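Welcome! Let us take a slow walk through this protein together, one neighbourhood at a time.

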Amino acid sequence: TAPTFPVSCSSRMPRCTGLQVRASQAVHRRFYSVFAAWGRLLSRRPWLIILVSLCAAVLASTKLLLSFGGDGLPYQSNGDKLWVPEDAEASKDQESFDAAFNPTGAFTRQNFVYFLATSGGTVLTAPILQEVYRFRELARRNLTATDICDGGCSPLTPSAVGYSEVCDRAAGDASSELSQCLTYGSAFPLFEDGSGNVVLDLTDAEILEMVESGTGVAGSLYPPGGNVTFDVRRVFGGLEYDGAGKLVSAKAVKLGLPLEGYKSSVDAVKDQLEAATAWEDQLNLLVGEEWTSDPPLSRGSAYGDAFAVEWESPLVDAYPNTAGAIERELSGNISGDVIKINIGFILIGAYALAVFFKFDPRRSRSALAIAGLVSCALSVGVAYGFTTLIGYEVNPVVTVLPFILLGIGVDDMFVLEQALSATDKTAPPAERMAACMGSAGVSITVTSLTDLVAFALGSTSSLPALAAFCCFATIGITADYLLQISFFAGWMALDAHREAAGKPDCCPCCGPLDPSVESGCCGCFANSCAAVKAPEEGLLRSVLRRHYAPALARKPVQVAVVVCMAVWAAVCGWQASKLSVDFEYRWFVGDDAVLQRTFDVEDEYFGGLPLDVNLVTPSSAAFDYSAVSSQLLLEQLAVAAETDPWVDRSSLVSFQRALLAWAWAAKGSASLESAAGGPPSSLADALLPPADYYSWLNEFVTASEGGVFARDVLWVDAAAPGQGLSAARLRATQLPLTEAADEIDAMDSLRASVASVPIEGAYAYGFQYLYYEQYKVIQREMLTNLGLAIAAVFVIVLLILAELRTTLLVMLCVLLTDVSILGVMQMWGLTIDSVSVVNLVLAIGLAVDYSAHVAHAFVIAKGTHTERMQSAVSEMGTAVIHGAFSTFLAVLVLSASQSYIFRVFFKQFFSISVFGVAHGLLLLPVLLVLVGPPEMPSDGDAEEPKGGYPPAVPDVPETQASARVAPGLPAQKA
């Protein structure tokens with residue numbers, strides 16, 4: 001019997017959807033004709049199509065192939081370029097800030113080593129600090145790097161790079177003297193005597209007093225109440241106080257060894273970058289070989305032909321965190337990812353072979369399964385090779401892409417094989433391929449289109465990591481679809497010719513089998529496998545048809561299903577409402593990585609520190625600092641920052657206030673002005689004379705009292721102060737924060753405080769705002785991408801089903817599946833971040849597959865609502881379960897992964913599979929019985945598509961089922 005297309009909707013709404021149905025019929029017929037013609041061409045020219053598609057895939061994968069043994073594919077692990085929204089206000093502020101305060105593009109490669117007492121006690125003792133100082137001097141004076149090793153070792157320029165050649169220095173300092181290296185991020189400036197000597201021959205009581213007061217050995221360097229302060233919280237961690245509030249101990253001490261770095265825009269000095277990278281690697285090796293790659297990234301005094309520098313300590317344990325540590329760990333994860341991908345291919349390959357193999361040597365298609373796996377591998381190659389060729393970079397999120405393409409590709413492979421098996425075995429191969437591609441081609445086109453559209457819309461995301469992943473996925477799914485209908489379908493055509501010739505599956509080049517052979521393995525052990533020959537109906541399908549579907553027809557079961565699913569949806573909705581936005585870069589480092597130990601030390605002893613923020617004001621061309629009104633606005637800006645609820649009031653540093661205090665003392669109050677006119681009555685009323693403002697400011701910042709503010713005021717021309725400032729800033733610290741919601745509120749609050757002061761061009765900026773911006777937009781991105789994907793999928797499903805009510809039920813199941821996934825995310829301890837949003841977008845396309853085919857089978861079935869439901873579940877249930885399992889199996893290997901990305905991916909895919917099947921096979925059939933559309937009449941006068949309809953589909957064995965079934969196939973008889 002030919003398949004029938006519905007021609008009218010419910011008699012209550014014939015006009016509203018009749019046009020839509022006719023349009024759907026036209027689309028179905030057109031698709032069928034095109035794919036049927038393609039199937040005949042495949043049968044006539046299989047080798048040509050296989051070779052052309054193979055060459056095209058290899059050509060598109062060229063960049064990936066060339067990367068093996070070379071520098072690899074371009075890989076982006078810079079957090080700023082992955083997780084910060086492209087249109088973020090903080091990104092624009094960063095550009096303005098760097099242009100003003102960092103015009104050379106230089107930045108600091110932060111390197112820290114944390115030290116804990118081996119005994120677990122305090123580090124505020126002379127022996128402990130002396131041991132840390134010994135490490136510092138070894139690193140600064142004796143540690144050198146000679147070679148950079150990346151595949152092979154090559155000498156550095158200069159030949160031996162010490163700390164003085166790569167250390168961070170003050171702007172404009174081109175010397176290589178060790179004394180000019182900056183020492184911030186370290187405790188030892190507190191113990192300098194004023195001549196550069198570090199004094200550690202102190203009693204424990206003296207050390208405690210110096211640390212608690214922050215005045216140090218030379219009180220003149222850090223005078224109480226002075227402009228220069230030493231924040232001990234930033235270098236000593238785990239501070240403990242007694243009941244009287246007196247410092248008694250500290251559990252950790254931090255040593256900073258900053259290096260100079262370069263941004264990509266000025267990254268022409270490759271030698272310096274290699275030198276810095278190699279020296280950092282030697283620093284890790286000085287602590288221990290486990291802190292670097294295997295083999296190490298460099299050779300030098302701590303690791304090489306001879307170990308010239310060694311460090312061991314019975315008193316302290318060291319935990320380094322160098323600038324390239326996270327990038328090193330991410331790069332190291334790639335080799336582990338490749339192993340997991342290979343295991344995934346093995347598992348899914350074994351599953352495909354089991355599905356395709358039969359004890360009938362003529363009907364068995366195990367060799368075809370291998371061709372399908374090659375097709376999947378080629379799609380992965382195209383995804384990586386072609387996408388990087390057009391300018392995209394691989395990032396940590398993209399590492400899960402092979403598993404997605406593998407699951408989708410194998411699913412499509414099952415659909416095509418099933419459609420071929422369903423055709424008349426006695427028909428010529430050309431007609432079998434025409435019928436197969438005419439039905440299955442339409443099916444995988446529609447299902448691939450839902451996945452492709454969901455990711456294509458996701459590529460518009462403002463989050464670079466999400467947008468890049470969606471671009472890789474869009475190209476990969478497109479490649480998978482094209483390869484399935486060309487490369488794999490070409491091998492199907494060859495297999496159809498083999499089957500017609502009666503040749504065995506495992507040896508298609510051999511001669512035909514004897515007609516008496518009906519079972520056996522590869523034609524051997526003829527007719528000895530009848531007992532295990534695949535039955536016409538599998539066990540799972542039999543259970544669904546005889547027990548499961550009839551159970552769903554019972555009213556008590558239907559009520560229980562609706563009530564239970566409603567309760568579950570409510571619970572998941574409640575849990576989903578508690579989902580929080582969170583992100584930590586350490587998540588992208590493997591759980592078993594040694595670097596996690598350092599992260600633990602940082603979190604335990606140095607977590608919750610206040611964060612620096614800058615209140616930047618524009619150039620004198622836009623804001624005349626000397627004007628009385630401008631001086632008042634600067635004070636208003638300082639007050640706005642001080643009164644902000646998220647700012648530490650005592651932390652504000654204002655060059656304007658310091659300038660006025662200096663002028664009051666140095667110039668006398670009589671030389672100052674007030675807003676009311678005349679001399680000021682107090683410092684609070686004082687203002688500088690506009691005519692003297694810039695000359696006095698220059699005098700102040702070049703004096704010892706104001707030298708610390710020199711970095712806060714930038715001159716248009718330092719030699720001509722009268723030209724004014726190019727920019728200026730006030731500094732403060734925000735209160736320690738741990739929750740993403742608080743961090744967003746703190747950022748928005750300070751921005752609002754700055755905006756409340758009428759200084760055009762002023763803005764608040766802190767480096768941490770780059771990450772707060774992600775927290776701020778991630779929920780919006782999630783809702784936007786999910787909304788667009790659902791809308792696009794709705795249109796596609798409506799076109800397929802040609803029935804509005806059924807489409808709405810399918811979309812309800814899709815939405816409830818997503819709600820379940822969100823609820824389980826909260827129960828499983830996951831958060832909303834770029835990784836989870838990627839999987840939520842993917843869930844839309846996959847969840848449709850689990851519901852749409854059951855709904856379509858119901859729409860075209862005949863009989864009462866209950867009979868049609870039982871027919872749909874019986875025919876499609878096995879297919880849906882096998883489709884979900886094939887997708888799930890592709891990511892099963894990730895369940896034990898040490899990678900955060902892989903674990904999240906596995907947990908969410910587990911939820912997609914379980915809840916997609918639950919809503920598609922449990923809730924949807926019940927809803928179709930209760931509120932589904934009535935039986936639709938057939939269009940008896942409809943013109944048969946050119947090439948004919950596909951033949952009626954006989955019962956398909958359980959192992960041939962798949963979740964993607966051709967939309968044009970009729971319901972099969974149980």
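Which residues does Ser486 touch, not counting residues up to four places away in sequence? They are Trp38, Leu42, Ile49 and Ser53, where a contact means heavy atoms within 4.5 Å. Ser486 sits in helix H14 (residues 464-501). Helices (H or I, at least four residues) and strands (E, at least two) are DSSP runs, numbered from the N terminus. Because its relative accessibility is 11%, Ser486 counts as buried; buried means under 20% relative accessible area, exposed over 50%, and partly exposed in between (1.4 Å probe, protein chains only).

A word on what you are viewing: this is a predicted model, in which local features need pLDDT of at least 70 and side-chain atom pairs count only at pLDDT 80 or more, while totals for chains, interfaces and linings use all residues. Residues are numbered from 1 along each chain as its sequence is written, and side-chain values use heavy atoms, with hydrogens and water left out.

Now look for a pair of helices. The axes of H16 (residues 555-577) and H26 (residues 900-931) come within 10 Å and cross at roughly 130°. Axes are lines fitted to C-alpha atoms, for helices over the stretch in contact, and angles run from 0 to 180 degrees between N-to-C directions. H16 is therefore oblique to H26; angles under 35 degrees count as roughly parallel, over 145 as roughly antiparallel, 65 to 115 as roughly perpendicular and the rest as oblique. On the H16 side, the contact includes Val561, Met565 and Trp568, and on the H26 side Phe915, Leu922 and Val926 are among the residues involved.

Next comes an open sheet of 4 strands, antiparallel in its pairing and ordered S6-S9-S2-S12. Strands pair if DSSP finds at least two bridges between them. S6 (236-237) and S12 (316-321) are at the edges, each with a single partner strand, so one side of each has no neighbour in the sheet. Helix H17 (residues 595-606) packs on this sheet and touches S2, S6, S9 (252-256) and S12; its direction makes about 105° with that of S12. Within the sheet, 6 bridges link S2 (residues 112-117) to S12 in the antiparallel sense, and Phe112 stands opposite Asn321 in S12.

Our last stop is strand S13 (residues 611-617), mostly covered, with 5 of its 7 residues buried. S13 runs antiparallel to S17 (residues 725-734), joined by 7 bridges, and Val616 has Arg729 of S17 as its bridge partner. S13 also pairs with S18 (residues 763-765) in the antiparallel sense over 3 bridges; there, Asn614 is partnered by Tyr765.
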